[in-house]
Amino acid sequence: MPVMNSTDKGRLALATVALASAGAVGLALISQHAFGLWPCDLCYLQRVPYALNLLLGGLCIMPAVPPCERRIVLMHCALLFALGAGFAGYHVGVEEHWWAGPTSCSGGGAVSLDDLATALTQSVLPSCDEAAFRLLGISMAGYNFAASLFLAGFCIWAMRKLAWWDKQ
């Protein structure tokens, strides 16, 4: 069995980032379309770091990208996952009513007849302060928070493996 060299381990780390991100986005889309768990504004916001990490990880596993630049991209992936954890943590706080959510998804009522007419012609997104689904008492945003922190930690751990990023 061939031994994996250092450069391959760096590419494998980025492939892991891309696959984990694809899995998260895929799970969100399956939850939305197959199970009818329609996302609120904050849910959509939490998908952005995963989509960007999927793109970055997928592009940087190509052989044309030097190992030292892959490491820089992995640093950006860690930052994006940390940002995603921040979005998810904020969403958990809104769901648990620790703080108010954005006015765009608070589910506030119409003030005038014009506002009511406008509200009737627009599609209604779920409110950000109500979890659409909970498993073991934890909302999807809570699981996203944990996953984003784990993936940020994975990226930082992989970045610290200096032998993986040396030019060969």
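The chat below goes through a predicted model of one protein.

User: How many helices and strands are there in the protein?

Analyst: The predicted model has 5 helices and 2 strands.

User: What pattern does the protein follow along the sequence?

Analyst: The pattern reads α-α-α-α-β-β-α.

User: What percentage of the residues is buried?

Analyst: Of the 168 residues in the protein, 32% are buried. The accessible surface comes to about 10100 Å², and carbon and sulfur atoms hold 70% of that surface.

User: What share of the contacts links residues 24 or more positions apart?

Analyst: That share is 76%, counted among contacts in the protein with a separation of 6 or more.

User: Let's go inside. Which residues of the largest nonpolar core touch the most other members?

Analyst: They are A13, V17, L74, F81 and C155, out of 19 residues in that core. Helix 1 (6–33), helix 2, helix 3 (67–95) and helix 5 (140–159) each give at least two residues to this core. Helix 5 supplies the largest share, 6 residues.

User: You listed F81. What does F81 touch?

Analyst: Setting aside residues up to four places away in sequence, F81 touches V17, S21, Y50, N53, S148, L151, A152 and C155. S148, L151, A152 and C155 are among the buried residues of helix 5.

User: Why does N144 count as buried?

Analyst: N144 has a relative accessibility of 12%, and buried means under 20%, so N144 falls in that class. Apart from residues up to four places away in sequence, N144 touches Q46, Y50 and A88.

User: What about helix 3, how far apart are its end C-alpha atoms?

Analyst: The end C-alpha atoms of helix 3 are 41 Å apart. That agrees with the 42 Å that its 29 residues should span at 1.5 Å a residue. Just after helix 3, H97 takes a positive phi of about 60°.

User: New topic. Where is R11, and what does R11 touch?

Analyst: R11 is in helix 1. Leaving out residues up to four places away in sequence, R11 touches I61, M62, P63 and R70. R11 counts as partly exposed, at 28% relative accessibility. The C-alpha atoms of R11 and R70 are separated by 7.7 Å, with the two residues 59 residues apart along the chain.

User: M62 is on that list. Where is M62?

Analyst: M62 is in the loop between helix 2 and helix 3. M62 is partly exposed, with a relative accessible area of 43%. Beyond its neighbours within four places in sequence, M62 is in contact with R11 and R70. M62 and R11 are 51 residues apart in sequence, and their C-alpha atoms are 8.2 Å apart.

User: And D166, where is that found?

Analyst: D166 is in the segment after helix 5 and is partly exposed, at 44% relative accessibility.

User: Last one, the surface. Which residues make the nonpolar patch?

Analyst: F133, L135, L136, I138, M140 and Y143 make a nonpolar surface patch of about 590 Å². One of them, L135, lies in strand 1 (residues 134–135). L135 is partly exposed, with a relative accessible area of 45%.

Key: Residues numbered from 1 in each chain as written. Predicted model: local features only at pLDDT ≥ 70, side-chain atom pairs only at ≥ 80, totals over all residues. Heavy atoms only, no water. Patch = residues over 30% accessible without salt bridge, like charges linked within 9 Å, V, L, I, M, F, W, Y side chains within 5 Å. Areas by Shrake-Rupley, 256 points an atom, 1.4 Å probe, with all protein chains shown as cover. Salt bridge = Lys/Arg side-chain N within 4 Å of Asp/Glu carboxyl O. Helix = DSSP H or I, 4+ residues; strand = E, 2+ residues; numbered from the N terminus. Buried < 20%, exposed > 50% of the residue type's maximum accessible area, 1.4 Å probe, protein only. Core = buried A, V, L, I, M, F, W, Y, C linked by side-chain atoms within 4.5 Å. Contact = heavy atoms within 4.5 Å. Expected span 1.5 Å × (residues − 1).
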